[in-house]
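I opened this model to look up its strands, its nonpolar cores and its surface. My notes follow the display.

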Amino acid sequence: MQKQKITFELSIFESIEELAEEDKKLMLTAINARKNAYAPYSQFQVGAAVLMGNGAIVIGSNQENASYPSGLCAERVAVFQAGALYPKGTIKTIAISASSKNYTVDRAAAPCGNCRQSISEYEVKQAHPIRILMMGEVGSVLECDSVADLLPLAFGASFLK
Ligand code: THU
């Protein structure tokens with residue numbers, strides 16, 4: 001029997017001001033995208049901004065539904081829209097920002113498991129890592145270099161032959 005440790009590097013920025021200019025712009029776009037979240041049930045607004053290889057930015061926000069499972073997270077709204085607009089494009093970075101009407105979200109909101117799986121699909125398809133930048137409403141920004149870091153041992157297309 002062998003044991004293997006799976007680790008990854010997380011960069012922690014004290015605030016959005018510490019980010020490189022391009023990343024700051026992307027995060028500000030994600031923050032702005034939160035305004036169009038439709039979250040009457042959870043009161044939790046999430047904005048996502050996807051930076052494509054061609055420089056285009058595609059946004060998404062969570063869209064809820066009275067039939068709860070029919071709603072969709074901001075990240076998937078954004079990456080599916082990116083896939084629909086740029087089917088041959090490369091996703092470089094996704095910035096995510098979350099806020100709540102009930103309290104101040106002061107820590108980074110990492111994408112949920114379903115979103116990690118969906119983002120992973122594009123990372124495998126494009127054979128290029130997708131960086132993830134995450135923050136709450138205020139406070140620090142977390143960065144990881146690949147969605148694979150957030151979804152070790154991912155299931156993917158390679159299993160389906
Ligand atoms: N949500 C996202 O948009 N992204 C995530 O990664 C986590 C959760 C949304 C879904 C739902 O509208 C609300 O946040 C509460 O779960």
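These entries start with the ground rules and then go from strands to cores to surface.

**Ground rules.** I am working with a predicted model, where local features need pLDDT of at least 70, side-chain atom pairs count only at pLDDT 80 or more, and totals for chains, interfaces and linings use all residues. Residues are numbered from 1 along each chain as its sequence is written, and side-chain values use heavy atoms, with hydrogens and water left out.

**Strand 2.** I looked up its partners. Strand 2 pairs with strand 3 (residues 57-61) in the antiparallel sense over five bridges. Pairing requires that DSSP finds at least two bridges between two strands. Strands are DSSP runs of E, at least two residues; helices are runs of H or I, at least four, and both are numbered from the N terminus. Alanine 48 stands opposite glycine 60 in strand 3. The two strands form a hairpin with four residues between them. Glycine 55, in the turn, has a positive phi of about 90 degrees.

Strand 2 also pairs with strand 4, antiparallel, over nine bridges. There, alanine 49 has alanine 95 as its bridge partner.

Is strand 2 buried or exposed? Eight of its nine residues are buried, so strand 2 is largely enclosed by the rest of the structure. Buried means under 20% relative accessible area, exposed over 50%, partly exposed in between (1.4 Å probe, protein chains only).

**Cores.** I then checked the largest nonpolar core, which has 24 residues. A core is a set of buried Ala, Val, Leu, Ile, Met, Phe, Trp, Tyr and Cys residues joined through side-chain atoms within 4.5 Å. Val50, Met52, Val79, Ile91, Ile94, Ile119 and Ile132 touch the most other members. Strand 2 (44-52), helix 2 (74-85) and helix 3 (113-126) are among the elements that each supply at least two residues. A second, separate core of 12 residues includes Ile16, Met27, Ala95 and Met135.

**Surface.** Leucine 10 is found in strand 1 (residues 10-13). Leucine 10 is partly exposed, with a relative accessible area of 37%.
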